Every structure is written in C-alpha cells, then in structure tokens.
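Here is a brief report on aromatic rings and their neighbours. Please look over the sequence and the structure first.

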Amino acid sequence: MRYLVVFLILTQLFGGCAKQTTPTGGPKDTDPPQLVRSTPANKQVNFNSQQIELTFNEFVQVNNPREQLVIIPTIGKKFEMTAKKNRVTIKLNSKLLDSTTYTINFRDAILDLSEKNPARNLKLAFSTGSYIDSLSVSGKVYMLLKNLPAENFTIVIVPVTDTFNIFNQAAQFFSLTDKKGNFSIDNLKPGTYRIYAFLDKNKNLKVDSRSEPFAFRSDTVNLYQSIKDLELSAVSLDMRPLLIISAKPVGNHFIIRLNKGFAACTLESSSLDHTLQFDYPEYSTIRVYNTLTDLDSLPVRSVFSDSISNTLDTVLYIKFNTLKMQKERFTVKANNLSYIEQRQLIRGELSANKPVRSVVYDSIYIRLDSLTTLPFTERDFTWNQTFTQAIINKQLSKPLDFAVPKSTKNPVAKQTQRAPGFDGRQQRPGTSQAPKPDPKKTVNQLVLSQGSILSVENDSLAFQSLPISVVRPETSALLMLELHGTGNTLTQLLDKDYKPVSESTSKKIRFENLTPGEYFVRIILDDNANNQWDPGNFYLNTQPEKIIFYTDDNNNNRINLKANWEVGPLLIHY
C-alpha cells in the first residue's frame with residue numbers, strides 16, 4: 001500500500017510537468033515575446049533545410065498559423081508550426097527554390113503563454129542562394145467609394161513579363177494589409193512589376209470578383225530602388241461576362257435570370273401591337289408581365305449591359321403559363337415625402353411593387369381642410385424606365401401652411417390623364433368627381449384616392465393617406481462647398497451609411513434643407529463628363545475614376561450638421 005501511494009504521488013508530480021500551462025500569480029504580463037535567436041538567422045544565405053526554429057525569451061504558443069503566417073514566395077498551406085516552451089518549430093514540408101530570397105511575416109502567429117501578447121513586427125528573411133534581395137514596396141490600400149482602410153487585403157506583386165491573372169491563378173509573391181490598410185513586401189529583386197490587392201475571403205489566393213473587392217494599378221511598378229507610399233484603391237466589381245441562367249414562365253410572369261447584376265435592360269418586340277412591361281424584383285432578375293393576348297409566344301430582342309460595358313444581345317421567346325395564379329396585392333409606398341417651406345416645394349418618391357399602367361393625377365391631392373384639396377398634375381411626376389418609381393416635385397405658387405387649415409374652396413373636377421409613355425388604350429376610362437368631404441381623413445397629407453393608380457395587371461390602388469414632413473430652416477441644415485481645381489466633377493453628399501442624399505456638378509454648391517446628422521462629401525473626378533462614376537475595367541487596364549473625400553484639418557471626413565446650422569463654404573482643392 002505504501003508503494004502504491006508513493007507511485008501515485010510521483011505520477012501526479014511528473015505528469016503535471018509534461019503539460020505546458022499558464023503561470024499563475026504576479027503582475028499582469030504586458031510585454032510581447034522577444035526573439036532571442038533563430039535558425040536560420042535573419043538574412044542568412046545558402047540555407048537549404050526544410051525546418052526553421054525560433055527561440056524566445058518566454059514560453060509561447062502558436063495562433064492560427066495557416067492564416068497568420070505569410071511566406072513569400074508562397075509554399076502553400078502544408079507547413080506545420082508547433083510551440084514547446086519557448087521554442088517554435090516550422091516544418092516547411094516543401095522543397096525551397098534555388099537562389100531565392102524567402103521572407104516570413106509572422107503577424108500574430110506567435111503569442112506569449114500568459115496574456116497572449118503577440119510578438120510585434122516579427123519577420124525573418126533568408127536566401128537559398130548566395131545573396132539576399134533587398135528591395136521593398138510599401139503603401140496603403142483603401143476602399144475607394146468609402147475612403148476606408150482595406151484591412152486584411154492580400155497584396156500581390158508579379159514580374160511584368162509574367163502572364164499572371166488574378167482571377168484564375170494563385171499568387172506566389174504576396175503580403176497582407178494591417179488594420180490601417182498598410183502593407184510592405186520586402187526582399188524583392190530589381191525589375192518591373194505589376195501589383196494587385198484583393199480581399200481573399202475564400203483563402204485561395206485568387207480573386208472571386210462576385211464577392212471579393214480588388215484593386216490594381218494600370219501603370220507598372222519600376223523597382224530599382226525601394227518604393228514607399230504606394231496607394232491602391234479597391235472597388236467591388238463583378239468582372240464576369242453577362243450570361244442568362246434561365247428564362248421561363250414562373251407563376252403569372254416570365255422570369256429572366258442573369259448570372260450577375262446589370263446596368264441596363266431593353267426588351268423589344270418586332271410587333272408594334274405588343275408592348276412589354278417589366279420590372280426588376282432583384283438586381284439580376286427581370287420580371288415580365290403578361291400583356292399578351294391571343295399569343296402563344298412572342299420573340300423579343302433582349303439586350304443587357306453591365307457597368308463595365310459588357311453587352312449581351314439575344315432573342316428570347318416569351319410566353320406565359322395558361323393557368324392563372326393569385327396576383328400579388330398592388331401597393332404603393334412613399335419615401336422622404338416632405339414640404340420644403342423655404343422653397344414652397346413638395347418633393348418625395350413613390351415606389352410601386354408592380355409597373356404602373358395609368359394614373360388619374362388629380363385623384364392624387366393634399367387635403368388642406370374638410371373641403372379644399374390641392375390636386376397634382378402629370379408634370380409633378382417623373383417616372384423611371386419600368387414605371388415602378390416616380391419622383392415628385394411640385395412647385396407651389398404660394399406658401400402652404402400645414403398648421404392652419406385653409407378656407408373652404410370649391411373643389412375642381414377631376415380629369416383622367418395619361419402618365420408619360422403609358423399605352424393610352426389601357427388608360428382607365430371615364431372621369432371622377434372631386435372627393436366628398438370626409439372629416440375622418442387627415443388633412444395636410446398626400447392622398448392617393450382609391451383607383452387613382454392602375455397597375456399593369458389591372459388592379460387598382462386602395463385608398464392611402466401618406467404623411468408629409470415639413471422642412472423649415474430652424475429644423476434643417478445648410479452645407480456650402482467651394483471646389484478649386486480643373487476638370488469636371490460630380491460632388492455627392494452622402495449620409496452616415498454612404499448613401500447619396502444629393503449631388504451637384506457645380507463648383508459652388510449649396511446643399512439645402514438637410515436633415516440634421518452626419519454626412520460625407522465625395523467628389524468624383526468625372527474625366528469623361530458623363531455625370532456618373534466609372535468603375536474602370538481590369539481587362540482593358542483602365543482605372544476607376546478618381547475620388548476624393550472632404551477632410552478637415554484634423555483629417556476627419558465626417559461633417560456633423562445640426563438643426564438651424566449653416567456650415568461653410570468648405571474649401572476643397574483637387
């Protein structure tokens with residue numbers, strides 16, 4: 001029994017020594033581990049082993065080495081990295097190239113055992129030949145449309161004579177950006193290179209442009225001395241050619257699906273008797289509505305184009321199911337509907353879930369009191385190509401007081417009017433009388449009377465009353481800008497989510513009647529004067545149009561606007 005007790009005590013003591021654990025007690029360790037020595041030594045030449053060893057001044061552990069460790073040129077992901085006490089061993093499991101300089105960037109692959117502090121700026125360079133390549137390229141990558149640092153982007157540099165393609169070939173010489181978008185590729189040979197950057201989400205060292213933003217320089221990098229402060233601007237741009245995935249009747253509609261989003265779509269029938277109406281329920285989908293009568297199918301020339309000038313031109317035979325299904329309820333919503341008191345302007349946007357066939361415009365009105373209405377006209381509305389959205393701009397001849405009801409006036413009889421571009425033969429016939437006074441209806445709201453809008457599927461809109469916000473100087477803000485430079489510009493005011501609020505092509509700009517909040521100012525250098533931003537084309541080696549953001553003296557690009565404030569003019573040089 002005595003021997004058994006002694007054996008158990010010794011087993012526990014010696015067994016515990018074999019396990020690497022975090023020491024307890026004492027002050028918190030805030031110092032990162034320091035490299036004491038390595039094999040090979042930094043900048044060692046004629047190294048021919050497949051094992052690397054590093055010794056630190058304290059116990060360490062490895063942290064996700066296949067993601068954190070960057071070896072240039074790459075040897076793949078088959079290496080093994082282990083830690084024991086204060087030593088780290090890397091087994092490369094791959095034959096190294098002759099007369100080649102290798103650089104290992106450890107990033108956060110090695111942490112101390114107690115507080116997981118990463119070894120800082122740890123790099124190791126060695127050569128399998130008789131010399132170390134010493135040139136480097138460093139700089140920054142940022143997201144062009146938001147002016148934000150591109151963190152964890154893969155930077156690729158290849159000799160200009162190489163036929164490397166970032167979309168179908170894995171990179172060999174690469175590095176990664178830090179949280180501020182900064183990068184450095186060291187120990188390069190003299191020569192002429194091309195450089196790229198991309199967010200490698202699937203870790204295959206290739207660009208999948210469907211989901212991975214990327215950047216490239218149309219100019220080559222002539223590396224005969226080290227280069228600093230190189231900038232790369234990344235964009236999200238699907239470079240695949242346009243393809244039709246499917247085109248078939250689905251439910252009550254004919255659905256065309258593409259492999260990617262498109263910028264423009266045209267569906268043209270050779271028959272003048274048939275006009276197609278369609279909309280875009282998704283960014284890569286076209287939904288065609290059944291406006292055909294006594295036809296089994298209709299040949300339609302279908303032309304699609306994307307933002308990089310790819311075009312798909314084909315003929316589709318459009319047909320519909322003979323069995324009718326229940327239709328989706330027709331609805332119209334209002335966005336940003338407001339009365340700009342200072343300009344006596346009513347503005348906003350209507351969005352329909354189906355294309356609109358016809359409108360009785362004076363059945364759309366504002367009730368000023370129990371008897372008086374302010375009718376709208378056709379010229380107050382601007383419809384988009386698919387007749388699913390309308391911009392409202394109604395200029396009044398005199399101020400409108402939303403707070404005090406107006407005196408009673410005789411209502412004006414309504415007349416049916418056609419929306420621009422609509423088929424007149426499909427217009428809802430007849431006229432309607434002015435709405436009867438109804439004290440239950442709220443005054444000073446936009447009223448869409450029952451039947452005022454008819455959809456392409458012949459269902460009419462139910463009665464709606466939409467609130468109108470009043471924008472006054474004391475509740476809104478004014479931002480003034482002055483641009484100093486040459487060339488065409490498109491200045492965009494963005495909200496805190498980088499969505500455009502307003503834009504201008506002038507050099508002296510007044511953004512008025514703004515809702516208090518945070519904004520950005522983005523200036524597009526519009527080289528071709530087409531009043532839009534052009535994203536460039538990798539295959540044509542054309543860069544995206546340049547963009548600058550307004551920043552103040554403290555390098556802050558957010559503009560905070562408060563109610564009853566006038567800011568500016570802010571001077572922007574470009």
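## A cluster of rings

Which residues do ring pairs link into a cluster? They are Phe-164, Phe-167, Tyr-196, Phe-214, Phe-216, Phe-538 and Tyr-539. Keep in mind that this is a predicted model.

## Ring pairs

The count of aromatic pairs comes to 15. One of them joins Phe-262 and Phe-304. Their ring centres lie 6.3 Å apart. Their planes meet at 65°, and over 60 counts as edge-to-face, so this pair is edge-to-face. The pair links distant parts of the chain, 42 residues apart. Phe-262 lies in the loop between β20 (253–258) and β21 (264–269). Phe-304 belongs to strand β24 (residues 298–305). Both Phe-262 and Phe-304 are buried.

Tyr-361 and Phe-381 form an aromatic pair that is tilted. Centre to centre, the rings of Tyr-361 and Phe-381 are 5.2 Å apart, with 50° between the planes. This pair, too, links distant parts of the chain: Tyr-361 and Phe-381 are 20 residues apart. Tyr-361 sits in the loop between β28 (356–359) and β29 (364–367). Phe-381 is in strand β31 (residues 381–383). Are Tyr-361 and Phe-381 buried or exposed? Both Tyr-361 and Phe-381 are buried.

Methods. Residues are numbered from 1 along each chain as its sequence is written. This is a predicted model: local features need pLDDT of at least 70, side-chain atom pairs count only at pLDDT 80 or more; totals for chains, interfaces and linings use all residues. Side-chain values use heavy atoms; hydrogens and water are left out. Rings of Phe, Tyr and Trp (its six-membered ring) pair if their centres lie within 6.5 Å; planes under 30 degrees apart count as stacked, over 60 as edge-to-face and the rest as tilted. Helices (H or I, at least four residues) and strands (E, at least two) are DSSP runs, numbered from the N terminus. Buried means under 20% relative accessible area, exposed over 50%, partly exposed in between (1.4 Å probe, protein chains only).
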